[in-house]
Amino acid sequence: EGVGVMAASDAAHAEALCGRDTGGLALLGLAPSAPSCPHGPALLFVKTSQGKEEGRRFYACSACRDRKDCNFFQWEDEKVSETRLAAREEYNRTHQPSHTHGQNVERYKNFVLLPVSKRRFCQECQQLLLPPEWEEHSDHQLLYDISTAQLQSPSQLLYPLENKKTNAQYLFADRSCQFLLDLIIDLGFSRVLSVGTPRLHEMIQSKASKEEDFRVRSLLLDIDFRYSQFYTEDEFCHYNMFNHYFFAGEAGLETCRKFLRQGNSEKVIMVTDPPFGGLVEALASSFKRLMAMWKDTDKEDPISQEMPMFWIFPYFFESRILEFFPSFTMMDYQVDYDNHTLYKHGKTGRRQSPVRIFTNLTPRMIVLPVEEGYRFCSICQRYVSSGNQHCEICNSCTSKDGRRWKHCFLCKKCVKPSWFHCNNCNCCALPTHACEKAAAGCFVCGQAGHKRSTCPSLSRS
């Protein structure tokens, strides 16, 4: 699960990718012959200057926004020498994990056979230690007497990767995790493709090991290879959700296909919680590919167009998600995280968690807990937060952030309670806003009426 930098726009993300702050950037996607870095095939971007149609295209790492974390960069039209290609391949090889997934599975089997008094975990190396390795880690900070319960909750044993520009690994609070699992069960799903949701995956795995009648199964796809120490190849795939890359190659793809194919009568749902600083276009492309894999294996219900999905993301990305998935609806449920200081349920005003569930399921099917203040709107036919009052003019429950919004007759829509109509800008905004900013046009062509991401001057692949 990942929160990322909440204020980072897609443009800022791409600018950080190329390590420059001048000009605009647009994602062109995955190219068939894209070069690779340690995180898989690079993504193709185009750099633009205001008033010009298109700049020079380049490749950059799909997973890391900061070049300090991955400095891969190559112009699309650049001629790369054989020597440099060989050096790159060697670099990519040496920057892979020291153990394979299969080796980690064997290590785990040996680890669980040890008495608890001999089970040690190196906090510095984030690794389960077997007795012959103790001496090598003698000057490291260790955890001793690792219990079975700890092994079944690796997300609590491992340090969260909180580099906001790369991993931004924030983990579901128990409240949100239990709600998601209860909802999945109530909706009749028995298979969960957990994309970047390790805590949900481990809750399912733990229940399956303890309760004989628990029928839900999960497959975790995650870029954090440390989880390979705790799960078999059928339970975890090393996966980059920004470029749909399975690090194990065809074997990883086949594991995912097999999971989606098993038991055609069993309903599958994908649950994903990407880093919020990530590019929405890249994520949407990968999710569509996973959906296509499901559709190829779905024999029972040929009418279904999309694999059922919960996409956990901030409410202010709603328009971007709907751009790629028009069938999705944003639910009012506030998702909160254990290790994030701000995104906690129960806070008021602007301190409420902005994280929501986007889904292609029928909204009225998503029952939200009444004891937490959610209610059912009979007109909208969906559950909403208590502060989200139905607007008779908009004919909708319009609030996005949990506060009661107000209708602006000049804007012809509901706006945040702290906004007021500005006659200079001819729209609602904060009283402290700078009017001159409202006159600024598209960064690419300078024209008003659209943003960089939808500029007609940009050619897209």
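**Exercise 1: Helix α7**

In α7, the residues Pro-198, Arg-199, Leu-200, His-201, Glu-202, Met-203, Ile-204, Gln-205 and Ser-206 are buried, that is, under 20% relative accessible area with a 1.4 Å probe and protein chains only, where over 50% is exposed and in between is partly exposed. The model is predicted, with local features requiring pLDDT of at least 70 and side-chain atom pairs pLDDT 80 or more, while totals for chains, interfaces and linings use all residues. Residues are numbered from 1 along each chain as its sequence is written, and side-chain values use heavy atoms, leaving out hydrogens and water.

Solution. 
1. Helices (H or I, at least four residues) and strands (E, at least two) are DSSP runs numbered from the N terminus.

**Exercise 2: Strand β15**

Task. Determine in which sense β15 pairs with β14 and with β17, and identify what stands opposite Phe-310 in β17.

Solution. 
1. Strand β15 (residues 309-314) is mostly covered, 6 of its 6 residues being buried.
2. Two strands pair if DSSP finds at least two bridges between them.
3. β14 (residues 267-272) pairs with β15 in the parallel sense over 3 bridges; here Phe-310 of β15 is the bridge partner of Val-271.
4. β17 (residues 355-359) pairs with β15 in the antiparallel sense over 5 bridges, and Thr-359 of β17 stands opposite Phe-310.

**Exercise 3: Aromatic rings**

Task. Count the aromatic pairs and classify the pair Tyr-227 and Tyr-231.

Solution. 
1. Rings of Phe, Tyr and Trp (its six-membered ring) pair if their centres lie within 6.5 Å; planes under 30 degrees apart are stacked, over 60 edge-to-face, and the rest tilted.
2. By this rule there are 20 aromatic pairs.
3. The ring centres of Tyr-227 and Tyr-231 are 6.5 Å apart and their planes lie at 15 degrees, so the pair is stacked.
4. Tyr-227 is buried at a relative accessible area of 1%, and Tyr-231 is buried at 6%.

**Exercise 4: Salt bridges**

Task. State how many salt bridges the structure holds, and locate the partners Glu-133 and Arg-107.

Solution. 
1. A salt bridge is a side-chain nitrogen of Lys or Arg within 4 Å of a carboxyl oxygen of Asp or Glu.
2. The structure holds 18 salt bridges.
3. Glu-133 and Arg-107 form a salt bridge with their closest N and O atoms 2.5 Å apart.
4. This pair links distant parts of the chain, with Glu-133 in the loop between β8 (127-129) and β9 (142-144) and Arg-107 in helix α3, 26 residues apart. Both Glu-133 and Arg-107 are buried.
5. Glu-106 and Lys-109 also meet in a salt bridge (3.4 Å, N to O); both lie in helix α3 (residues 101-113), 3 residues apart, about one turn of the helix.
6. Glu-106 is partly exposed at 43% relative accessibility, and Lys-109 is partly exposed at 44%.
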